[in-house]
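Biologist: Can you walk me through this model? I'd like to go through it piece by piece.
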Amino acid sequence: MKFTGRVLLLAILLQTQTVCFKIWLFSEKPRTTTHQQMTETAILNVSAEACRTLAKAEGRDFVLPTGPLSAESLAMACAAADSAKPFQTSIKTIRFGNAATDVAFVLSPEHHFDNEQILRGRERIKTGLEAVKANIRLENFIAARWTLGVTLHTLQDFYSHSNWIEMGKRVPFSSLIKPDVIIRNIADEKTPTCGECDGQNCNNILQSILNDQLLTTGYFGLTKPDGKCSHGGFPDLSSLHPPKGGINKDDEDSIHGGLHPVAVEVATAATRELLQDIRGAAGDQDFLRLMGVTRSSSVLCFVIDTTGSMANDIVEVKRVTSSIIDSRRGTPDEPPAYILVPFNDPDFGPLIRTTDADIFKAQVNALTATGGGDFPELSLSGLQLALTGAPPSSKIFLFTDATAKDDHLRSTVRALIERTQSVVNSMLTGVLSGARRRRMPNDDQQNQRLRFFDQSSIQLYQELALASGGQAIQVTKEDLPQATSIIEDSTSSALVTIFQAVRNPGKAENFSFIVDDSLRKLTVYITGSSPIFTIISPTGATQNNTEFSGALGSIQTAGNFRTVRLNTTEQGGVWEIRVDSTQAYTVKVIGQSGIDFLFDFVEIFMEPQPGFQILSGRPSANKNATLFVTVTGESVSLTGVELVPTSGAQPVNTTVEDRGQGDYLVTVDRLPEGEFAVRVTGLTGVASRTSHNLFQRQTSTQLRTSGVTVTVSALVNDSWEPGTNLTIPFTIASNASGSGSNFTIQARNDRGFSSSFPSSVTLEAGGRAAGTVTLTAPSDTASGTDVTLTIEAEAPGGSDSNYAVQRLTVIAKTTDILSPTCEVVSVNANCTGNCTLLSWELSANLTDGNGTGIARITVRQGSGTLNTTVVTGVDGLNVTLATYRASCCSEEVELVAVDAVGNVGVCSRSIRASSSTAEPPTTAPVATTMAPTTPPTTAPTTSMHTESMTSQITAANSTSGGQSSLASPCSFWFSLIPFSLINILTH
């Protein structure tokens, strides 16, 4: 077969990695810094600043942790210790989005600033920022994180692939995130930029280019225009053509590898600058929510049947909602968000999501039980909304007394459970006690029995509960209050699963699990039809199912659900649970601890410097597999990972490779058949193998393999506006089925958008087939709307299936790319005496001109009070009059103005050296919309506002890039961080 140039290059790329800063989380080369390290360092830096500002506003102290920052240490400093795992999860998602750019867009020059695609590369950054900010405004944080990772990859590549560093620049090129600034200093397509390069670290960029301060980037591919620079290195074949060599600074062995540390420093500073822009647009609270930093880690999420027979259930939901909100308000266990999804027939939703407990309580209290003429209801439609709208690893509670009318969504809901690793607990009250049945009039009995489950009806809910690691609790409506204690347990912060087992059919079996000293509030859940069980502690003490208050704890029974709350004293060591039942049963052990783990199945590619991409579906059957595991918790180490079959077969051992900083690469020669879970063991504190230092954790989600793969192609031109179509290509492949096999296709989205796709595809030679899904966004779709698309493929006869889950975003166009402007009217300061007895005042006018209007003005630095009034100016435009008053002990202020589309303006003022008299009005200089021919060599003004904090963090993190402050103590400076919305699809 004759290869085209593009196919040949792609084949080479699949064997090596040369197109960017290294993308593996931790490079094998000690002096090489990766995309992921830069990204995490900058996230920790800016998150620390946001935490400090919030703490000051709330009157709390904030102490920056000593030594290198980590998610655990920073979460603790932010008074959000229990959010260490969500923080890690968010950072991981952003890092993985960053890494995926080299897989999804390996041949897209604009995603890497290759081939002198400087303006198109900046457009990528701009549209990425627009999508992230729009997502945040609608609280679609999951899509925002992935897009942020992709955007940061492109931004960071500029400093490795361009000649910015060679021109002597040591600060970020801020124009890359300012769409209103015209970049003029780009070498045109006919201007030679490089000479020949012999050996490493050669200075091959033409002196005329450096003298004229013209921007250029290296070409990557098979050929290049005459006289142009190449990226360099294998497999960049263009570097073999004159002028030979390259200019990339991806690692210390690159042709310009001597400048790698400088490129890293500036790229890290640029990453901080972009994150500060997002922080300004979102506000500190939502920026930290984007990063997963909240005081509690567990949202409260209810999916509720509101048909006529659910009146008693709704009363209990109202009670438990009020109990949780009232008891946890202001405590570390207060939920960071609340989600409610009602369903009925023929309607379901909308999803209601809020951070305000009182709003949530009011929404729940407004629920009424009406309608529902026939028995089945749209329970899975409501569950689908909850799974896509809740954060990953959420605990979701479904209340119903009816079977699912939308059973066709079973596989979609199962796929979403596996991807989100959320836990679904079903409260099934379609069970009637004999006494109540005898008391009911005949007509009422006949009508009510239509709402009661039989064993086959609840099989669906049991299946989904088991798949997610949740419970399918069958109780009468009278006994429901005894079962809802699981809600309070499951919404506690830092909840971890220690052990879980499912036996269907049931059999007598002994289970053991390890309890470490970090665990608290140890609880055992057992479901089944009257199982006989005995619990044995490490000291040999026992308690059986008939002892409701015994030596080890208390037992509570509600229907088929039993809760055992173990005593908190002397829990450490190996415990045992003996169960004897011929009926199906489940055993789950949970507790609260800061030690937990995250995992994803990944595909390794591009040797010899490995990279990876997360699998968006099930791993392949009958093949080896790789997991990427991250352990949370201070001073812990992983010693083993095993895959535990649900059937009870022997666990499958794996090989564990420590990648540093809590990350591990886990390989397994062959995955278990059927369903399985992931279990890890490790050491806490001192590396001793005494029982109390051993820890054990297990996934709740039950996983499975597939011989089918569903792959969604990345979209380079990915604009999706309201009222337009988006076409998503996909490929189906099978390990087992040959050409001619017919696969059934389903494509479903959680927004109910109109879609078209082939109902089936036929595999061609090689066992592959292609298709497309077309989605139509209604014209009234809000900008930033997150759409979750699940594409499913089922083998002939339903013998096998797999899926791919993609998150997409609809973004509306806007022409407003200018930030709000600020004019200081006066500063009155008399601070020559005791600062605690004196105050100063600043007055300023802020306006958004002809833009979308100022949405909010906040104080990001300073402990004074801000008052604002909106008036109409002489030109007919709205002007916000701002008055800021503070103690003379608080000498600086930073006001952040954000317009309706997320453009950010920052006003800063210091009175440290001001005179005791009133200063004349000062007008803040407004940045021009036209960049100078020579890029500025001074630090961007956005960095000046946080110099003190940044310098502390930089000292604690060796990979951070510092920036100099050029402002005098009394100066006033105004920073424009422009933003505009153009449509983008996020994946």
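Biologist: Is N115 buried or exposed?
Modeller: This is a predicted model, and in it N115 counts as buried because its relative accessibility is 18%, under the 20% cut-off.
Biologist: What is its phi, and where is N115 found?
Modeller: N115 has a positive phi of about 55 degrees although it is not a glycine. N115 is found in the loop between helix 4 and helix 5.
Biologist: And Q213, buried or exposed?
Modeller: Q213 counts as buried, because its relative accessibility is 11%. Q213 is not a glycine either, and its phi is positive, about 55 degrees. Its place is in the loop between helix 7 and helix 8.
Biologist: Which peptide bond is cis around P243?
Modeller: The one that joins P242 and P243, with omega about -10 degrees. P243 is found in the loop between helix 7 and helix 8.
Biologist: What about N504 and P505, what is omega there?
Modeller: Omega is about 10 degrees, and that peptide bond is cis as well. P505 is found in the loop between strand 7 (495-503) and strand 8 (509-515).
Biologist: Switching to packing. How many residues are in the largest nonpolar core?
Modeller: The largest nonpolar core has 65 residues, and L148, Y159 and M291 have the most contacts inside it. Several helices each supply at least two of its residues, among them helix 2 (35-57), helix 4 (84-104), helix 5 (118-137), helix 6 (141-161) and helix 8 (260-282).
Biologist: What is Y159 in contact with, leaving aside neighbours within four places in sequence?
Modeller: With W164, I165, P172, F173, L176, K249, A263, V266, A267 and A270. There is also a second, separate core of 31 residues, which includes A337, L398, A472 and V805.
Biologist: Now helix 13. How many of its residues are buried?
Modeller: Eight of the eleven residues in helix 13 (residues 410-420) are buried, and the helix is mostly covered.
Biologist: Which ones?
Modeller: In helix 13 the buried residues are T412, V413, R414, A415, L416, I417, E418 and T420.
Biologist: Why do residues three or four places apart in an α-helix point the same way?
Modeller: Because an α-helix has 3.6 residues a turn.
Biologist: How many bridges join strand 25 to strand 26?
Modeller: Five, and strand 25 and strand 26 (residues 725-734) run antiparallel. V712 stands opposite F730 in strand 26.
Biologist: Last topic, the whole chain. How many helices and strands does it have?
Modeller: The secondary structure comes to 20 helices and 41 strands. The protein has 987 residues, and buried residues make up 60% of them.
Biologist: Of the contacts between residues at least 6 apart in sequence, what share join residues at least 24 apart?
Modeller: That share is 75%.

Note on methods. Residues are numbered from 1 along each chain as its sequence is written. This is a predicted model: local features need pLDDT of at least 70, side-chain atom pairs count only at pLDDT 80 or more; totals for chains, interfaces and linings use all residues. Side-chain values use heavy atoms; hydrogens and water are left out. Buried means under 20% relative accessible area, exposed over 50%, partly exposed in between (1.4 Å probe, protein chains only). Helices (H or I, at least four residues) and strands (E, at least two) are DSSP runs, numbered from the N terminus. A nonpolar core is a set of buried Ala, Val, Leu, Ile, Met, Phe, Trp, Tyr and Cys residues joined through side-chain atoms within 4.5 Å. Contact means heavy atoms within 4.5 Å. Two strands pair if DSSP finds at least two bridges between them.
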